[in-house]
Amino acid sequence: KKNKPIFASSNKYAVLANENDEIENSDGILIDIDSDTEAEQKVKPPPPIFISGLLDFPALRSQLTELIGADSFFVKSNVKNLKIQTKNADSYRATIHFLKESKAEYHTYQAQDEKAFRVVIRNIHPSTPLAEIGIAINEIGLFTVRNVANVLNKTTKNKLPIFFIDLEPAEINKEIFHITSLLNTKIKIEEPYKRRIIIQCTNCQAYGHSKSYCAHHPRCVKCAANHSTSTCTKSKDEPPACALCGGNHTANYRGCQVHKNLQSFQNGKNTPNKKYNLRNDVKYNSIVKKGEDSGVQTNLNRPNINDTSSFPKLSLQSHHLNTPKHTLPNGTENQSESNLATQLSSFISEFKLIINPLISLLTTLPTIQSTTIQITLNHVPTKISSVYLPPHPAISSRQLNQFLKSLGQQFLAGGDFNAKHSQWGCISENQRGKMLQKITKNTPYIFISPKGPTYWPQHHNRHPDILDFFLSSLPRYIKHYINNLNDLSSDHTPILLTTIASIEPTPPHPSLSQGPIKWDEFSVIMQNTTCLNISLKNKDDIESAAQNLVTSIQSAIFKSSHPKTQSSKHNTSNQPLPTNITNLISEKRRVRSRWQKYHYPSDKKLFNHLANTIKKLILKHKSEYFENKYQSLNQTDGSLWKTTKNLLRIKEQLPPITDSDGSLAISDIEKANLFGKHLSKIFTPHTDITPNSDHSEIIEQFINSPLP
């Protein structure tokens with residue numbers, strides 16, 4: 001009779017399994033919630049082991065008891081797996097060896113005493129060999145270097161003057177922070193920034209552990225099949241499949257619903273156990289003080305400064321002043337209390353007069369800055385808004401809701417929201433991001449965010465993230481494309497959103513003419529259409545004649561004008577450059593920005609090379625353009641004549657202004673006097689225009705004679 005197997009074999013239909021209960025597993029150590037709440041022990045226990053696919057627990061328990069002893073381990077079971085916690089390192093290694101021989105599916109973690117002590121060293125030039133840095137640290141005599149790694153820029157993949165140093169575990173490792181120079185370089189040693197993202201195994205694609213300590217069957221990150229990603233034969237045209245949720249995306253996509261649930265679980269949205277609630281009580285209290293933004297009903301009502309009922313009423317009969325009472329004769333005690341009450345009331349009134357303008361000033365500070373225009377997109381009025389939400393002061397959900405409603409039914413709002421959330425691809429989340437996601441959860445609004453970060457902080461403890469994005473209520477059939485523009489060097493890089501839609505152009509202004517007017521043709525038309533043989537005996541005749549004249553002028557202007565035609569002149573400045581040259585120009589700008597920031601000789605050399613290459617390509621492009629232009633000249637369409645005229649046109653230079661004696665007129669007064677003399681000589685009465693007396697008498701007789 002064959003022995004009953006202890007562990008389950010690999011299931012090729014595991015892709016169809018429902019793994020939605022993964023986030024409900026509070027003991028799966030996907031998120032180590034209790035790690036920072038427990039006191040650190042002097043002797044840390046070995047890491048736990050999580051086994052999946054267990055079929056016979058009694059058989060496993062008996063074999064482990066024989067192998068390491070009954071008092072050397074304890075287990076805890078849940079729906080997904082079995083957790084084994086050993087008490088010492090020898091029991092841990094024996095259990096791992098047994099599970100490997102049994103071909104069981106399990107995962108564990110690196111032991112605390114085997115973890116390297118990692119530090120960050122800044123200001124060492126990136127061309128320094130890694131081995132030389134390790135040797136220099138070992139020569140100090142206090143530390144043992146395990147590994148040295150150079151940090152690369154996330155976007156350009158260029159080496160940075162930052163190095164990760166992994167030291168062998170030792171109690172003296174913290175002394176390395178006192179080192180200020182290494183390899184004749186002033187350095188700065190600090191702790192690495194703690195990653196907030198959830199670790200994901202690249203072997204089985206599950207969250208919470210790494211590939212180095214995973215013995216589960218491999219799952220492909222592209223197609224979710226039971227093979228490793230390196231052996232996948234799926235083409236790029238085929239849609240991917242997620243090994244976690246079965247969606248049409250890769251398993252490492254951060255927009256996956258499983259990742260979003262785990263991220264929300266880690267940020268404190270879910271409270272699966274009591275320890276998690278107790279741990280977040282400190283953070284939660286600080287949020288409750290914000291009132292409306294926290295989503296919690298509080299009893300802290302905002303007092304009305306102008307309401308005198310909110311101030312204590314001081315009277316002679318009853319008050320609660322903690323002042324010592326002395327028995328004074330003849331009612332002196334009552335008089336003293338009355339004077340004190342009067343002084344306090346006067347102080348409160350003056351305090352209100354001082355504090356009211358300050359409160360009104362603080363409450364009217366702009367919290368949402370926007371500029372909005374309206375266009376017609378696909379025959380529908382659409383508002384385009386540029387938005388900036390400053391990080392301070394805090395913006396309430398009511399203010400943000402009112403702003404979105406003010407944009408109307410169809411809008412596109414983009415800008416710096418200073419809001420972080422995983423829904424639009426951020427690495428971390430903040431309170432404003434959670435509030436914005438909550439407001440837009442049950443609305444048709446969609447978030448349009450770029451693939452890369454838009455915020456590049458200067459501080460080493462902050463990581464790049466997406467702060468600039470678009471919030472849209474446009475219909476789904478309007479396609480859009482969004483790209484990062486990394487040409488500018490600033491802490492915020494711009495983004496470009498392109499929509500495929502028809503925009504109705506602005507109607508042209510009404511005009512009598514279609515373009516330039518040919519006045520000769522206008523004169524001919526007016527002579528042929530104007531009739532002077534008309535009767536002007538009454539008011540109606542004059543009105544009709546004036547109307548006919550205006551109509552004739554308008555018609556003649558319209559007929560004698562012609563629309564402008566596209567100029568056939570070729571201008572090299574208006575010709576677009578080829579794509580290869582524009583790409584090189586963008587690369588040159590990025591290299592120049594990097595050289596101005598770090599002053600690396602390699603960047604300067606690359607910048608000079610790109611600049612010379614671009615100059616040669618532009619000269620070649622202009623030469624080819626002029627060659628094609630002159631080869632296309634023709635005698636019939638007048639292009640040859642126009643080009644020849646432009647080439648032979650010589651601009652005449654104006655001669656200087658000189659006086660009759662040859663002296664130059666330099667000042668304004670000299671020029672004015674010289675022009676005055678010249679004009680006085682030109683505009684003189686002619687000697688032949690003296691009136692004739694006989695001719696004048698004939699004209700006067702004709703004017704004075706009565707009409708026939």
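Modeller: One term to begin with: buried means under 20% relative accessible area, exposed means over 50%, and partly exposed is in between, taken with a 1.4 Å probe and protein chains only. This is a predicted model, in which local features need pLDDT of at least 70 and side-chain atom pairs count only at pLDDT 80 or more, while totals for chains, interfaces and linings use all residues. Residues are numbered from 1 along each chain as its sequence is written, and side-chain values use heavy atoms, with hydrogens and water left out.

Biologist: OK, so how many salt bridges are there?

Modeller: The count comes to seven, where a salt bridge is a side-chain nitrogen of Lys or Arg within 4 Å of a carboxyl oxygen of Asp or Glu. One of them joins Glu587 to Arg590, with N to O at 2.9 Å, and both residues lie in helix α12 (residues 579-598), three residues apart, or about one turn of the helix. Helices here are DSSP runs of H or I with at least four residues, and strands are runs of E with at least two, numbered from the N terminus.

Biologist: And why does Glu587 count as partly exposed?

Modeller: Because its relative accessibility is 29%; Arg590 also counts as partly exposed, at 29%.

Biologist: Which residue does Asp90 pair with?

Modeller: Asp90 meets Arg93 in a salt bridge of 3.4 Å, N to O. The two are separated by about one helical turn, because they sit three residues apart in helix α2 (residues 89-101). Asp90 counts as exposed at 58% relative accessibility, whereas Arg93, at 46%, counts as partly exposed.

Biologist: What about Glu190, which partner does it have?

Modeller: Glu190 forms a salt bridge with Arg122, and their closest N and O atoms are 2.6 Å apart. Glu190 belongs to strand β10 (residues 188-190) and Arg122 to strand β5 (residues 117-122), so the pair ties together parts that are 68 residues apart in sequence. Glu190 counts as buried, at 11% relative accessibility, and a network of salt bridges links Arg122, Lys188 and Glu190.

Biologist: Switching to rings, how many aromatic pairs turn up?

Modeller: The whole structure holds 11 aromatic pairs; rings of Phe, Tyr and Trp (its six-membered ring) pair if their centres lie within 6.5 Å, and planes under 30 degrees apart count as stacked, over 60 as edge-to-face and the rest as tilted. Phe417 and Phe469 have ring centres 4.6 Å apart and planes at 15 degrees, so this pair is stacked. It links distant parts of the chain, as Phe417 is in the loop between β13 (411-416) and α9 (431-439), and Phe469 is in strand β15 (residues 468-472), 52 residues apart.

Biologist: Are those two buried or exposed?

Modeller: Phe417 is buried, with a relative accessible area of 3%, and Phe469 is buried too, at 0%. Together with Trp424 and Phe447, Phe417 and Phe469 form one aromatic cluster.

Biologist: Last one, where does Ser552 sit, and what is it in contact with?

Modeller: Ser552 is in helix α11 (residues 539-560), and with a relative accessible area of 19% it is buried. Apart from neighbours within four places in sequence, Ser552 is in contact (heavy atoms within 4.5 Å) with Met526 and Thr529.
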